[in-house]
Amino acid sequence: MPPGPDGDALLCRRAAAGDRAAFSRLVEGHERKLRAFLAHVAGRELADELAQEAFLKAWQALPTFRGDARFSSWLCAIGWRCFVDLKRRERSEQRRRDAAAATGPEHEPSPPGERIDLSRALARLDPVERAALVLCEGHGWSHTEAAGILRLPLGTLKGMVRRAKQKCRDYLESDGR
Amino acid sequence: MNESDFEALLRQEIVPPERPPDRAFVARIDSAVAQEAWFREWRARILRELSGEVLGLASVVGALAFAARAPGVREAIGGAPELAGTAVLLLILLAWLLIRGKPDALA
């Protein structure tokens, strides 16, 4: 059973003081959602690598974590920034090699039917739109929290979620053509 | 497709499935954290040792430089500069070894 927000606060204090066992408890409690989020945003192949990077950065930055946001949203924001930095590096490399731009994360083959269409619909979204949709509709974050994680104005975030849902719906209704 | 069907489909796709903690992943993170902590400690220790040695040597060299300005010492150095130079270098070596805490190196 993952610790609740109060449990997280205590574990954060202990981990910030160098208690690795406390940090392991935090990892246990939050790895499921972080990896699921990063899998949707970056693809399953990169999700674990990004999640590891995010946890390591969280460990290093814990002494500066003031606790004004939930640990889970702070961690998610770190994961998002790891993804953004990765895309920035990839874009630089691609420019150098004159490769085609990436169109989205690779998704593992899904069983036939509507599920595969929605997976493709999500892959066609802009990464920020996809992240906004996953955070708000999949992970239960409020618009305010999701805007904080993605560092977007609240209005922009709300518009992105609306547009992302509409795009997915349009794609499904067009039978994925 | 009506709105509620779409919402249900969307949630099925993007809500993270319930499962127990992935122990292998947690162990992987713990290992990475341990490595990072070891590296940070090692770097801090190296910097501390280096700073100590630099300060120690600077003190010895500074002290010798001041001592060389004393009238009697200056005359002695002027008379036998090679011996004075050798004595200075040996003193610096002795001081460095003492600072590093390896007196057995003198044997």
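A salt bridge here is a side-chain nitrogen of Lys or Arg within 4 Å of a carboxyl oxygen of Asp or Glu. In this predicted model, Arg169(A) and Glu3(B) make such a pair, with their closest N and O atoms 2.2 Å apart. Between chain B and chain A, the count of salt bridges is eight.

I'll stay with that interface for a moment. Residue pairs in polar contact between chain B and chain A number 15, taking pairs with both residues at pLDDT 80 or more. On the side of chain B that touches chain A, the elements giving two or more residues are α1 (3–14) and α2 of chain B. The largest share of that side, eleven residues, is from α2(B).

Now the extent of the contact. The size of an interface is often given as the accessible area lost when the parts come together. For chain B and chain A, the buried area is about 3,100 Å², and carbon and sulfur atoms give 59% of it. Within chain B, the residues losing the most area to chain A are Glu13(B), Ile14(B) and Phe25(B), which together account for 21% of what that side buries. By residue count, 30 residues of chain B are in contact with 34 residues of chain A.

Next, two isoleucines of chain B. Ile29(B) sits in helix α2 of chain B. Is Ile29(B) buried or exposed? Its relative accessible area is 2%, and the cut-off for buried is under 20%, so Ile29(B) is buried. Beyond its neighbours within four places in sequence, Ile29(B) is in contact with Phe23(A), Val27(A), Gln52(A) and Phe55(A).

Ile46(B) has 36% relative accessibility, so it counts as partly exposed. Together with Trp38(B), Phe39(B) and Trp42(B), Ile46(B) makes a nonpolar surface patch of about 420 Å².

Last, helix α6 of chain A, residues 127–138. Of its twelve residues, ten are buried, so the helix is largely enclosed by the rest of the structure. The buried ones include Leu133(A), Val134(A), Leu135(A) and Cys136(A), and also Glu129(A), Arg130(A) and Glu137(A). Where α6(A) starts, a side-chain oxygen of Asp126(A) comes to within 3.0 Å of the backbone nitrogen of Val128(A). After α6(A) comes Gly140(A), with a positive phi near 80°.

Notes: Residues numbered from 1 in each chain as written. Chains lettered and ligands numbered in written order. Predicted model: local features only at pLDDT ≥ 70, side-chain atom pairs only at ≥ 80, totals over all residues. Heavy atoms only, no water. Patch = residues over 30% accessible without salt bridge, like charges linked within 9 Å, V, L, I, M, F, W, Y side chains within 5 Å. Areas by Shrake-Rupley, 256 points an atom, 1.4 Å probe, with all protein chains shown as cover. Buried < 20%, exposed > 50% of the residue type's maximum accessible area, 1.4 Å probe, protein only. Contact = heavy atoms within 4.5 Å. Buried area = accessible area lost by both parts, 1.4 Å probe. Polar contact = N/O pair within 3.5 Å; in protein donor to acceptor, adjacent residues only side chain to side chain. Helix = DSSP H or I, 4+ residues; strand = E, 2+ residues; numbered from the N terminus.
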